[in-house]
Amino acid sequence: MSTVRRRFEILLVPEHVEDRGGAAVEDSAVRSAVVEATGENGASGYPRYAGHGIVADIDPATRTVEALLVDGYELDYGLTALVSDRAPR
């Protein structure tokens with residue numbers, strides 16, 4: 001039986017940041033948000049998470065962001081949504 005993780009931290013990172021010079025991906029993010037499970041599945045079929053203006057469908061097994069809205073809008077070109085490796089606070 002698998003359990004769905006209750007929260008993740010989403011990072012919005014510019015795609016052009018290729019070499020962070022040893023900095024963590026969290027240091028390159030232009031925005032971050034801790035999102036919590038809503039108990040619903042999104043249109044993608046994956047669990048929906050929401051918080052701080054971000055609504056995301058996340059595959060908890062692969063930690064992949066499958067769908068995302070930021071302040072009600074699709075993600076701007078040039079930004080990538082990633083799930084942080086660190087535990088959300």
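User: In the hairpin of β2 and β3, which glycine takes a positive phi, and how many residues sit between the strands?

Analyst: That's glycine 45, with a phi near 95°, and the hairpin has five residues between its strands. Keep in mind that this is a predicted model, where local features need pLDDT of at least 70, side-chain atom pairs count only at pLDDT 80 or more, and totals for chains, interfaces and linings use all residues. Residues are numbered from 1 along each chain as its sequence is written, while side-chain values use heavy atoms, with hydrogens and water left out.

User: What confidence does the protein chain average, and where is confidence lowest?

Analyst: The average pLDDT (the predictor's confidence in each residue, from 0 to 100) is 88, and 88% of the residues score at least 70. Helix α1 (residues 25-28) has the lowest confidence, at a mean of 80, whereas β3 has the highest, at 98. Helices (H or I, at least four residues) and strands (E, at least two) are DSSP runs, numbered from the N terminus.

User: What makes β1 and β2 a pair of strands?

Analyst: Strands pair if DSSP finds at least two bridges between them. β1 (residues 7-14) and β2 (residues 31-41) have six bridges, so they qualify, and they run antiparallel. Leucine 12 stands opposite arginine 31 in β2.

User: Why are β5 and β6 said to stand at the edges?

Analyst: The open sheet has six strands in the order β5-β4-β3-β2-β1-β6, paired antiparallel. β5 and β6 each have a single partner strand, so one side of each is left without a neighbour in the sheet. From one strand to the next, the twist averages 30°; axes here are lines fitted to C-alpha atoms, for helices over the stretch in contact, and angles run from 0 to 180 degrees between N-to-C directions.

User: Why is the pair of phenylalanine 8 and tyrosine 49 called edge-to-face?

Analyst: A search of the whole structure finds one aromatic pair, and this is it. The ring centres are 5.1 Å apart and the planes sit at 75°. Rings of Phe, Tyr and Trp (its six-membered ring) pair if their centres lie within 6.5 Å; planes under 30 degrees apart count as stacked, over 60 as edge-to-face and the rest as tilted. Both values pass, so the label holds. The pair links distant parts of the chain, with phenylalanine 8 in β1 and tyrosine 49 in β3, 41 residues apart. Both residues are buried.

User: Where do histidine 52 and arginine 63 lie, and what phi does each have?

Analyst: Histidine 52 is in the turn of the β3-β4 hairpin, which has two residues between its strands, and its phi is positive, about 55°. Arginine 63 belongs to the β4-β5 hairpin, with four residues between the strands, and takes a positive phi near 60°.

User: Which residues of the largest nonpolar core touch the most other members?

Analyst: Ile10, Ile54, Ile58 and Leu68, out of 15 residues. Such a core is a set of buried Ala, Val, Leu, Ile, Met, Phe, Trp, Tyr and Cys residues joined through side-chain atoms within 4.5 Å. β1, β2, β4 (54-59), β5 (64-70) and β6 (79-83) each give two or more residues to it. As for β4, five of its six residues are buried.

User: What does isoleucine 54 contact, leaving aside its neighbours within four places in sequence?

Analyst: With contact meaning heavy atoms within 4.5 Å, the partners of isoleucine 54 include Ile10, Leu12, Ala33, Tyr49 and Leu68. Isoleucine 54 also stands opposite glycine 51 and opposite valine 70 in β5. Four bridges join β3 to β4, and six join β4 to β5.

Terms used: Buried < 20%, exposed > 50% of the residue type's maximum accessible area, 1.4 Å probe, protein only.
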